[in-house]
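Got the sequence and the 3D view open? Let's take a walk through this one together, a piece at a time.

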Amino acid sequence: MKLFVTGVNGQLGHDVVNEASARGYEVIGSDIHETGAGNYVQLDITNKEAVEKIIAELEPDAIVHCAAWTAVDAAEDNPEIVDKINHLGTQYIANVAKAIDAKMVYISTDYVFNGLGTRPWEPDDKNYSPLNVYGQSKLDGELAVSSTLEKFFIVRIAWVFGLNGKNFIRTMINAGRTHSEVRVVNDQIGTPTYTFDLARLLVDMIATEKYGCYHATNEGGFISWYDFCCEIYKQAGIDTKVIPVSTQEFGLNKAARPFNSRLSKVKLTEAGFVPLPEWRDALARYLQEANL
């Protein structure tokens with residue numbers, strides 16, 4: 001199988017390339033920036049003609065679309081650019097996937113929902129109402145994929161961390177090593193997702209025809225960012241005091257954040273896919289791999 005992976009300079013794209021290559025797949029990576037890597041093409045996904053030309057010429061069997069604008073607060077000041085990347089760029093990729101009859105995996109987010117209530121969101125829930133520009137752009141990307149293709153996987157994730165980039169764990173460890181105390185919100189609830197584990201699931205998926213929308217985070221139950229930070233410091237041996245605060249008290253984010261990021265993964269297991277490992281285990285492996 002030949003795979004085309006977008007966003008390979010990011011946390012998830014990097015891990016998908018490594019996982020698929022380790023299984024013997026032919027993998028072509030892409031990103032907007034130049035790189036000296038071997039099987040790689042530079043691609044701006046907002047360039048419709050370039051997307052059509054490059055992907056059509058490569059004729060992959062499957063496209064794993066990881067490229068995205070993910071800076072949630074900065075998105076509020078750049079709605080047109082965010083829409084071009086997360087919505088229109090995704091539409092261009094879906095169009096060429098249909099033209100060459102390729103499977104497509106689109107990575108989405110819990111931010112497509114309004115973040116209210118306490119019930120875990122189901123993959124097929126339709127009461128979206130995103131709270132911010134980023135969430136709306138990812139929802140528009142989802143709708144572009146589902147309205148264009150039949151052979152697609154939409155995979156919603158949350159609280160992502162991986163080796164190849166910035167994330168909450170790195171931020172909090174840096175803060176913990178330079179401050180005697182940190183303030184972390186305790187009223188936003190969800191579950192972390194380790195890109196190394198997610199990459200394995202995505203490569204499992206593309207070998208099947210179990211198309212549709214899924215949720216995929218690590219196992220281990222629902223926690224707050226405060227809970228996550230406490231476990232990070234425990235495992236990293238950092239004794240910095242963690243002070244729980246409400247989102248309102250924290251007050252530093254420009255974009256509204258969802259309080260309820262609980263994602264139900266029942267559909268994933270019902271389809272026969274192997275769940276991601278428990279998040280505490282994922283954190284331990286990440287800390288070791290990242291030498292943190």
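## Before we start

This is a predicted model, so a local feature needs pLDDT of at least 70 and side-chain atom pairs count only at pLDDT 80 or more, while totals for chains, interfaces and linings use all residues. Residues are numbered from 1 along each chain as its sequence is written, and side-chain values use heavy atoms, with hydrogens and water left out.

Helices (H or I, at least four residues) and strands (E, at least two) are DSSP runs, numbered from the N terminus.

## A helix tucked inside

Let's begin with helix H7, which covers residues 195-206. Its 12 residues reach 16 Å from the first C-alpha to the last, close to the 16 Å expected at 1.5 Å a residue. (That expected span is 1.5 Å times one less than the number of residues.)

Is H7 mostly enclosed or mostly open? It is largely enclosed by the rest of the structure, because 10 of its 12 residues are buried. Here "buried" means under 20% relative accessible area, "exposed" means over 50%, and "partly exposed" is in between (1.4 Å probe, protein chains only). Among the buried ones are Asp197, Leu198, Ala199, Leu201 and Ile206.

Now find Asp15, in helix H1 (residues 11-22). Asp15 is buried, with a relative accessible area of 8%. Which residues does Asp15 contact, leaving aside its neighbours within four places in sequence? They are Thr195, Phe196 and Ala199, where contact means heavy atoms within 4.5 Å. Asp15 and Asp197 are 182 residues apart along the chain, yet their C-alpha atoms are separated by 8.8 Å.

There is also a network of salt bridges linking Glu19, Arg23, Arg200 and Asp204. A salt bridge is a side-chain nitrogen of Lys or Arg within 4 Å of a carboxyl oxygen of Asp or Glu.

## Opposite charges pairing up

Side chains of opposite charge can pair when their charged atoms come close. How many salt bridges does a search of the whole structure find? The count is 15. One joins the side chains of Arg156 and Glu142, at 2.7 Å from N to O. This pair links distant parts of the chain, with Arg156 in strand E6 (residues 152-157) and Glu142 in helix H5 (residues 133-148), 14 residues apart. Both Arg156 and Glu142 are buried.

Another salt bridge brings together Lys265 and Glu219, at 3.5 Å from N to O. Lys265 lies in the loop between helix H9 (247-250) and helix H10 (266-270) and Glu219 in strand E12 (residues 218-219), so the pair ties together parts that are 46 residues apart in sequence. Lys265 is buried at 14% relative accessible area, whereas Glu219 is partly exposed at 31%.

For a local example, look at Asp281 and Arg285, whose closest N and O atoms are 2.9 Å apart in a salt bridge. These two are 4 residues apart in helix H11 (residues 279-289), so about one helical turn separates them. Both count as partly exposed: Asp281 has 36% relative accessibility and Arg285 has 23%.

## Rings and their partners

Time for the aromatics. Rings of Phe, Tyr and Trp (its six-membered ring) pair if their centres lie within 6.5 Å; planes under 30 degrees apart count as stacked, over 60 as edge-to-face and the rest as tilted. By this rule there are 15 aromatic pairs. Trp159 and Trp225 are stacked, 3.8 Å centre to centre with 20° between the planes. Trp159 sits in the loop between E6 and strand E7 (160-161) and Trp225 in helix H8 (residues 225-236), 66 residues apart. Both are buried, Trp159 at 9% and Trp225 at 16%.

Phe161 and Tyr286 form an edge-to-face pair, 5.2 Å centre to centre with 75° between the planes. Phe161 is in strand E7 and Tyr286 in helix H11, 125 residues apart. Phe161 is buried at 1% relative accessible area, and Tyr286 is buried too, at 0%. One aromatic cluster includes Trp159, Phe161, Trp225 and Tyr286, along with Phe196.
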